[in-house]
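Let's take a friendly walk through a protein model together. Have the sequence and the 3D view ready as you read.

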Amino acid sequence: MDSKPHYKLHIYFLPMMSHGHMIPMVEMARIFARRGVKATLILTPLNATLVSKTIDRDRELGLETTIRLINFPSAEVGLPEGIESHSSITAREMSQKIRNAAELLQQPFENLLEEDSPDCLVADVFFPWASDVATKHGIPRLAFHGSSAYALCVHHVLTQQEPYKNIKSDSEVFVVPGLPNKIMMTRRQLPDFIRDGTENQVTKLMEKVMESEVTSYGVVINSFHELEPTYSELYSKVIGKRVWHVGPVSLCNRDNDDKIRRGSKISINEQECLTWLDSKEPNSVLYVCFGSLSYFSNVQLLEIAMGLENSGQEFIWVVRKEKKKEEEDREEWLPDGFEKRLEGKGFIIRGWAPQVLILDHKAVGGFMTHCGWNSLLEGVTAGVPLIAWPLFAEQFYNEKLVTDILRVGIGVGAQEWCRWPEEGKIYVKREDIEKAVVQLMVCEEAEGIRSRARALGEAAKKAVEKGGSSYNYLSALLEELELNTN
C-alpha cells in the first residue's frame with residue numbers, strides 16, 4: 001500500500017485520561033497520520049496542553065493531526081479543578097471519580113462524532129461505551145488496551161479459569177494454565193479486584209471492558225509481533241477478533257525535541273542530564289523509574305536509596321513522591337548526606353523525566369522498572385536489560401515476560417500487588433535491591449541478558465520500518481478500513 005492512500009481516512013482517537021494510556025495513543029495517532037490518515041485526538045483541556053506542541057509541530061510538517069476538546073466534568077464527579085487524569089490523583093477515592101467522569105464523556109463525545117463523521121474510532125478499552133457508540137454511527141471501533149497480547153492472555157485465563165482459588169494461602173505458588181509458557185504466580189501478586197473475588201465498581205467495569213473488546217471490530221496493540229508471536233495468535237483466538245500490532249509507537253519520536261516533549265513538562269534541564277550522561281562510560285548507569293502512577297512510602301524510599309548506594313553503581317533515579325505538608329522542608333526518606341556522598345555518582349530527578357531520551361543514551365546499561373507496559377517496551381526498544389519491580393495493574397504478569405520468557409532482565413523480589421503505599425505490608429529490602437543492581441550491571445552472567453536485550457531492541461526498530469511486521473500490520477489495517485469506507 002502507498003504511504004498516501006488515495007482515500008483520506010479520517011480516524012478518531014479517544015485515549016483514557018492517564019499518561020500510560022494517553023502517551024501511546026497520541027503516538028499511535030501520529031504514526032497513522034504519517035501514513036496519510038487524518039487523525040483527530042479527542043482530549044480534555046488540561047490533557048491537551050501536554051501534547052499540543054508536539055501536534056503543532058507535526059502539522060507544520062504537513063501531517064493532518066488535530067485536537068478536538070471535550071470538557072472534563074470535574075464538578076459533576078466531585079473532583080477539584082485541575083485534576084483531569086489518573087496521573088494527577090493523590091487518593092484512592094479519586095480513581096473512581098475519574099472513572100465516573102469517563103462515563104459522562106459519552107454524550108459530548110457523540111456530539112463531536114456527529115459533527116465530524118469520522119470513518120473509524122480507536123478508543124481506549126476503559127470507555128466500554130465506545131463500541132455501542134461506533135455501532136450506532138455505523139463505523140468500526142478498534143479497542144486499545146495500553147498493554148500487551150501476552151498480559152491480556154494471562155488476564156483472560158485468570159478471570160475465566162480462576163486457578164488461584166485452588167490454593168491454600170496467598171504465598172503459595174500456582175501455575176497459570178493453558179499458556180504457551182509456564183507462568184507461576186502467587187495470589188498475593190494478583191490485582192486486588194481478582195484476588196478479593198467480591199463484586200464492586202472495578203470488577204463491573206472490567207466485565208464491561210472485556211465485553212466491549214469482543215463487540216469491537218478488532219484490537220490495536222502497542223507491541224510488535226517478534227516480541228510475543230505465540231501470544232499475539234492466542235489472544236486473537238481467545239477474543240475471536242483480529243489483533244494488529246503497530247508498535248513500538250514510541251519510535252515515532254525521531255529527535256531529541258520529540259523525546260523531551262513527551263508526556264508532562266520535564267522537571268530538570270535536559271541538557272544538564274545529557275551532559276551528566278555524556279561524562280559516563282557506556283552501559284555504566286542504571287536508570288531507576290517507576291512510572292507516572294507509582295508512589296512509595298518513606299520506608300521503601302529509604303530502602304531504595306540505601307540499596308542504590310550500597311551497590312556502588314552510578315544511577316539516575318526518578319522520584320515521584322506526594323509531599324505532605326509536614327514534609328515540605330525535609331525529605332525524611334533521604335538518608336543524611338546521601339546526595340553529598342553520591343555527588344557525581346547519583347543523579348536524582350524529582351518529578352517527570354525525559355525517559356526515552358535517557359534510555360537511548362549509550363551510558364545507560366540497565367533500567368529498574370515497575371514493568372508498566374510503556375516503560376517495559378521503551379526499555380526493550382532501547383535494548384537495555386531490566387530489573388523488574390512490579391507494583392500493581394498487570395505489572396506482575398509483565399515481570400514474568402521479562403524474567404522467564406524473554407529473559408532480558410531479573411526480578412528484584414517484589415511479592416505484593418499494591419496500588420497505594422499505605423496499604424503495603426511487604427517491603428523490598430535494601431540487600432535485595434543491591435544484589436539485583438550488582439547482578440545486572442557488573443556480573444558476568446548478565447552478559448547473556450544484555451545481548452538478548454540488544455537483539456530485541458534491533459527487532460523493535462526493524463518492526464516499524466518499511467517492510468517490518470508492525471509497518472505491514474498497519475498497512476493491512478488501513479487498506480481494510482479504506483475498502484470498508486468506499
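Residues are numbered from 1 along each chain as its sequence is written, and side-chain values use heavy atoms, leaving out hydrogens and water.

The score pLDDT is the predictor's confidence in each residue, from 0 to 100. Its mean over the chain is 92, and 95% of the residues reach 70 or more.

| Residues | pLDDT | Contacts beyond four places in sequence |
|---|---|---|
| 1-6 | under 50 | 14 contacts |
| 323-329 | under 50 | five contacts |

Where pLDDT is low, the predicted coordinates should not be read in detail.

Now find the open sheet: seven strands in the order 3-2-1-4-5-8-9, with parallel pairing. Strands are DSSP runs of E, at least two residues long, and helices are runs of H or I, at least four, numbered from the N terminus; two strands pair if DSSP finds at least two bridges between them. Strand 3 (65-69) and strand 9 (242-245) are the edges, each pairing on one side only. Strand 1 (residues 10-14) and strand 2 (residues 38-43) share four bridges in the parallel sense, and K38 in strand 2 is the bridge partner of H10.

How values were computed
Predicted model: local features only at pLDDT ≥ 70, side-chain atom pairs only at ≥ 80, totals over all residues. Contact = heavy atoms within 4.5 Å.
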